[in-house]
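Hello,

Here is the structure I promised to pass on to you. My notes on it follow below.

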Amino acid sequence: MENTERLQEYQYENYIVVTNFETYQDVVDYASANNGELIEVGFTDGSDNPMPNTTGNLIAEKKTFKVGLDPEYQVLYSYDERFQELAETILEDMKEKENDVAPEDWLADQNIAQGDRIIIMKNGEVNTVTTRERIKFLMRGNLYELAVKVPSAKED
């Protein structure tokens, strides 16, 4: 597991839920190394805490997250074919508008994994370029994540 700093832990009474994994293999490795189980959770209804939720069908699809927005929005994930093509176009447009104020810096932010980036389309137009974390707060969207449920450390 390369980057454990990015992981987020949510403490519950008898267990901890760990989210924000970069790859499916990272989730599997973490679960194996920490005596945990793979679960699917959702950040829904504006909740800051993940609750069990299998809407994303993530385990079957071997994806780390999925975004749920209103039907008028189309979500392009970084692994979608059109994503890279659109990202390059967006960068060029941003450079022109901002007189080349290095928008690559935003896209290259070290704290944001490549796989976390998404493009939101509405009516065939780019609505926003964002990350899975920002979806929860900015667009009141639902975020479904693959997580690891691990037992809480027992206090003696």
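Ile119 has a relative accessible area of 0%, so it counts as buried. Please keep in mind that this is a predicted model. Ile119 sits in strand S7. Setting aside neighbours within four places in sequence, Ile119 is in contact with Gln74, Val75, Leu76, Phe83, Leu86, Ala87, Ile90, Val126, Thr128 and Val129. One of these, Ala87, is 32 residues away from Ile119 along the chain, and the C-alpha atoms of the two are 8.0 Å apart.

**The overall picture**

The protein has five helices and nine strands. Read from the N terminus, the order of elements is β-β-α-β-β-α-β-β-α-α-β-β-α-β. There are 156 residues in the protein, and 38% of them count as buried. Among contacts with a separation of 6 or more, 61% are between residues 24 or more positions apart. The accessible surface is about 9700 Å², with 43% of it belonging to carbon and sulfur atoms.

A hairpin of three residues joins S1 to S2, and Glu9 has Val18 in S2 as its bridge partner.

In soluble globular proteins, nonpolar side chains tend to be buried together. Here the largest nonpolar core holds 15 residues, and those touching the most other members are Val17, Phe65, Val67, Val75, Tyr77 and Ile118. Two or more residues each come from strands S3 (37–43), S5 (65–68), S6 (73–77), S7 (117–122) and S9 (142–151). S3 gives the largest share, three residues.

**A buried charged network**

This is the part I would show you on screen. The count of salt bridges comes to four, and Arg6, Asp116, Arg132 and Glu145 are linked in a network of them.

Asp116 and Arg6 meet through their side chains at 2.8 Å, N to O. Asp116 lies in the loop between helix H4 (104–107) and S7, while Arg6 lies in the segment before S1, so this pair ties together parts that are 110 residues apart in sequence. Asp116 has a relative accessible area of 6%, so it is buried. Arg6 is buried too, because its relative accessibility is 9%.

Arg132 also forms a salt bridge with Asp116, with the closest N and O atoms 2.9 Å apart. That pair links helix H5 (residues 132–138), where Arg132 lies, to the loop between H4 and S7, across 16 residues.

Arg132 has a salt bridge with Glu145 as well, the closest N and O atoms being 2.9 Å apart. Since Arg132 is in helix H5 and Glu145 in strand S9, this pair ties together parts that are 13 residues apart in sequence. Arg132 counts as buried because its relative accessibility is 1%, and Glu145 is buried because its relative accessible area is 0%.

Which residues does Asn20 contact, leaving aside its neighbours within four places in sequence? They are Arg6, Leu7, Gln8, Asp116, Arg132 and Glu145. Asn20 is found in the loop between strand S2 (15–19) and helix H1 (24–33), and counts as buried because its relative accessibility is 10%.

Best wishes

Notes
Residues are numbered from 1 along each chain as its sequence is written. This is a predicted model: local features need pLDDT of at least 70, side-chain atom pairs count only at pLDDT 80 or more; totals for chains, interfaces and linings use all residues. Side-chain values use heavy atoms; hydrogens and water are left out. A nonpolar core is a set of buried Ala, Val, Leu, Ile, Met, Phe, Trp, Tyr and Cys residues joined through side-chain atoms within 4.5 Å. Buried means under 20% relative accessible area, exposed over 50%, partly exposed in between (1.4 Å probe, protein chains only). Helices (H or I, at least four residues) and strands (E, at least two) are DSSP runs, numbered from the N terminus. Contact means heavy atoms within 4.5 Å. Accessible areas come from the Shrake-Rupley method with a 1.4 Å probe; for residues, only the protein chains shown count as cover. Two strands pair if DSSP finds at least two bridges between them.
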